[in-house]
Amino acid sequence: MVDDFENTNHNIVYQTPLSPLDAQVMLNRILSLKWDDLSSAQKVESDLYVCLQQFDNKAEYLILMAEVQLLLGKVERALAFAYKIWENGGELSLPFRLLYGHILSVLNLKDMAQEIFNPVLDDISSLNEKFFAPLINFAFAHGRRDLLLLVAAHASQDVFEAVQNFVAFYDAQKYWKAFAAFQQIIFAKCAHNLLDFEVSLDMRKSYCVVNILLFVNANASTLQDAINADFDEYCVKNDLINYDNLYINVSAKAQHKPLENILLPVL
């Protein structure tokens, strides 16, 4: 048996290890970073400058650079890189397209984010569910009912049911205009301070509660109070009830967990 194996051509192919500066390797490094570990983030930033000098496809490295700027709390620099990517163009693999779309959404560049997400949405039936979070985050963050329903229709059963429940309630109350206005309030208050956001869905009350968690480079408590005050003022002015199925929670960036752990949980 041993002789037979040794004398047989099994056509074994060995894969060349990826360079430590390969874009996918660098992406994995960024996804695993703790947001309070500035020294590691600065090391990644330094390596990315080397990558931009060595490699031809700069678009993906520029996206990583934009994300690292947010991680470092440098919103204006992230914005500059986001625009540079947009102007230069380039080929993007799926993870980088989704990350870029999410960065644009965080920076409140909604129309640009929509264009980046469109090719993914056109082929959403083939999308692995692990990639859905940036799309649903975008839909919630900008009050996009149509997009929310589209993505949820291809998501897991628990995400689908939670989104359907939330949409049905807001449809019944004719609250979508208010919901979009709420998001505008958030982005207006967080301008130049928002570093990231994520959405979670909670069905433990038999109806869907949406929690939008904002990570900011500012005094989280002060910003939370300002957002709450603007919400209350909007509701009073427009004779609306502030229902207990939407919560905005502001946190310091140090509370952010590594991006590799962020999915779309349904509690």
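On a 1 Å grid over the protein atoms alone, a cavity is a set of points where a 1.4 Å probe fits but cannot get out, and residues with an atom within 4 Å of a point count as its lining. This structure is a predicted model, in which local features need pLDDT of at least 70 and side-chain atom pairs count only at pLDDT 80 or more, while totals for chains, interfaces and linings use all residues. Residues are numbered from 1 along each chain as its sequence is written, and side-chain values use heavy atoms, with hydrogens and water left out.

The structure holds 2 cavities of 30 Å³ or more, where a volume is the space filled by probe spheres set on grid points that are joined across faces, edges and corners. The largest cavity has a volume of about 40 Å³. Its lining consists of Tyr170, Tyr175, Phe182, Cys235, Ile241, Asn242, Tyr243, Asn245 and Leu246. By class, this lining has 7 nonpolar, 2 polar and no charged residues; Ala, Val, Leu, Ile, Met, Phe, Trp, Tyr, Cys and Pro count as nonpolar, Asp, Glu, Lys and Arg as charged, and the others, Gly among them, as polar.

The second largest cavity has a volume of about 30 Å³ and is lined by Ala141, Gln183, Ile186, Phe187, Leu194, Phe197, Ile212 and Leu214. Two or more of its lining residues come from each of helix H11 (176–189), strand S1 (194–202) and strand S2 (209–216), and H11 gives the most, with 3 residues. Helices (H or I, at least four residues) and strands (E, at least two) are DSSP runs, numbered from the N terminus. The lining of the second largest cavity comprises 7 nonpolar, 1 polar and no charged residues.

Phe187 and Leu194 are also among the residues that line the second largest pocket, together with others including Val75, Glu76, Leu79, Val106 and His192. A pocket is an open set of points with protein on both sides within 12 Å along at least five of seven lines. The second largest pocket holds about 160 Å³ of space. Helix H5 (residues 75–88) supplies the largest share of its lining, 3 residues.

Attention now turns to helix packing. The axes of helix H4 (residues 58–71) and helix H6 (residues 94–106) come within 10 Å and cross at roughly 40 degrees; axes are lines fitted to C-alpha atoms, for helices over the stretch in contact, and angles run from 0 to 180 degrees between N-to-C directions. H4 is therefore oblique to H6, since angles under 35 degrees count as roughly parallel, over 145 as roughly antiparallel, 65 to 115 as roughly perpendicular and the rest as oblique. Residues of H4 including Ile63, Leu64 and Leu70 meet residues of H6 including Phe96, Leu99 and Ile103, contact meaning heavy atoms within 4.5 Å. By class, this contact of H4 with H6 has 9 nonpolar, no polar and 2 charged residues.

Helix H2 (residues 23–31) and helix H3 (residues 38–54) pack at an angle of about 165 degrees, with their axes 11 Å apart, and are therefore roughly antiparallel to each other. Met26, Arg29 and Ile30 of H2 meet Lys43, Val44, Asp47, Leu48 and Cys51 of H3. The class counts for this contact of H2 with H3 are 5 nonpolar, no polar and 3 charged residues.
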